[in-house]
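Welcome, and please open the model in your viewer. We will go from stop to stop, selecting one part at a time.

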Amino acid sequence: MRRLSIAFLTTALLAGSATAETFKDWQVNCDASRQCRAIGLAAGDPDARGYLGIHRSFETSAPVELRFAVADPTGGLAGRPHVLLADGKPIASLARPIIFSEPEEDGGLVEATLAVDETSNLLQALRQHHSLQLQAADGSLAVNVSLAGATAAWLYMEERLGRNALPAGPAT
């Protein structure tokens with residue numbers, strides 16, 4: 001049974017790009033095919049067990065893909081409903097539960113992916129809050145992602161993709 005650290009995985013996800021940039025707790029990689037990926041980790045936590053990834057395409061009609069990935073050494077996260085919170089409070093109009101996939105191997109990563117449009121309340125939360133949490137019904141947190149630098153990472157992706165969208169909230 002092989003367990004990979006979140007730090008290793010995020011480094012592997014973003015490796016090999018001349019355009020990789022860091023914005024506080026976020027790292028961004030844009031490639032030659034005009035695809036950008038941003039990874040946000042827990043603030044000040046080198047042993048973070050999860051991350052939030054944002055995938056953007058140059059196609060303006062393509063949804064924004066948000067992927068939560070969490071190390072699940074005990075196997076207790078997959079299949080359990082989680083609620084997405086911004087600074088500890090539910091995000092308006094995003095009340096549906098988020099369900100993690102089964103891991104590919106015991107103790108591996110579980111993932112939950114959301115596809116949202118650019119007007120989503122979730123994307124507004126990235127610009128206006130300090131952190132996002134995935135919380136189970138029992139109150140336990142699966143992951144707590146810092147949003148410090150998320151707006152700057154978003155704007156960098158917009159620029160690299162040839163867009164000029166300004167954030168809808170205060171810059172972080």
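Two strands pair if DSSP finds at least two bridges between them. Helices (H or I, at least four residues) and strands (E, at least two) are DSSP runs, numbered from the N terminus. The model on your screen is predicted, with local features needing pLDDT of at least 70, side-chain atom pairs counting only at pLDDT 80 or more, and totals for chains, interfaces and linings using all residues. Residues are numbered from 1 along each chain as its sequence is written, and side-chain values use heavy atoms, with hydrogens and water left out.

**Whole chain**

Start with a cartoon view of everything. Of the 172 residues, 44% are buried (under 20% relative accessible area with a 1.4 Å probe, protein chains only).

Now zoom in on strand 3 (residues 35–40), which pairs with strand 4 in the antiparallel sense over six bridges. Show Cys36 and you will see Arg56 of strand 4 opposite.

**Strand 5 and its partners**

Move on to strand 5 (residues 64–71), where six of the eight residues are buried. Strand 4 (residues 50–57) runs antiparallel to strand 5 and is joined to strand 5 by six bridges.

**Two helices**

Which residues of helix 3 does helix 2 meet? Select helix 2 (residues 121–128) and helix 3 to find out: Leu123, Leu126 and Arg127 in helix 2 meet Ala150, Thr151 and Trp154 in helix 3. A contact means heavy atoms within 4.5 Å. The residues of this contact are four nonpolar, one polar and one charged; Ala, Val, Leu, Ile, Met, Phe, Trp, Tyr, Cys and Pro count as nonpolar, Asp, Glu, Lys and Arg as charged, and the others, Gly among them, as polar. The two helices pack at an angle of about 120°, with their axes 7 Å apart. Axes are lines fitted to C-alpha atoms, for helices over the stretch in contact, and angles run from 0 to 180 degrees between N-to-C directions.

**The core**

Select Trp26, Ile54, Leu66, Phe100 and Leu132, the residues with the most contacts inside the largest nonpolar core, which has 39 residues. Such a core is a set of buried Ala, Val, Leu, Ile, Met, Phe, Trp, Tyr and Cys residues joined through side-chain atoms within 4.5 Å. Helix 3 (residues 150–160) gives the largest share of this core, five residues.

**Last stop: a hairpin**

Finally, select strand 10 (residues 131–136) and strand 11 (residues 141–146), which run antiparallel and are joined by five bridges. Ser131 has Ser146 in strand 11 as its bridge partner. Four residues lie between the strands of this hairpin, and Gly139 takes a positive phi near 90° there.

Definitions and conventions:
Buried means under 20% relative accessible area, exposed over 50%, partly exposed in between (1.4 Å probe, protein chains only).
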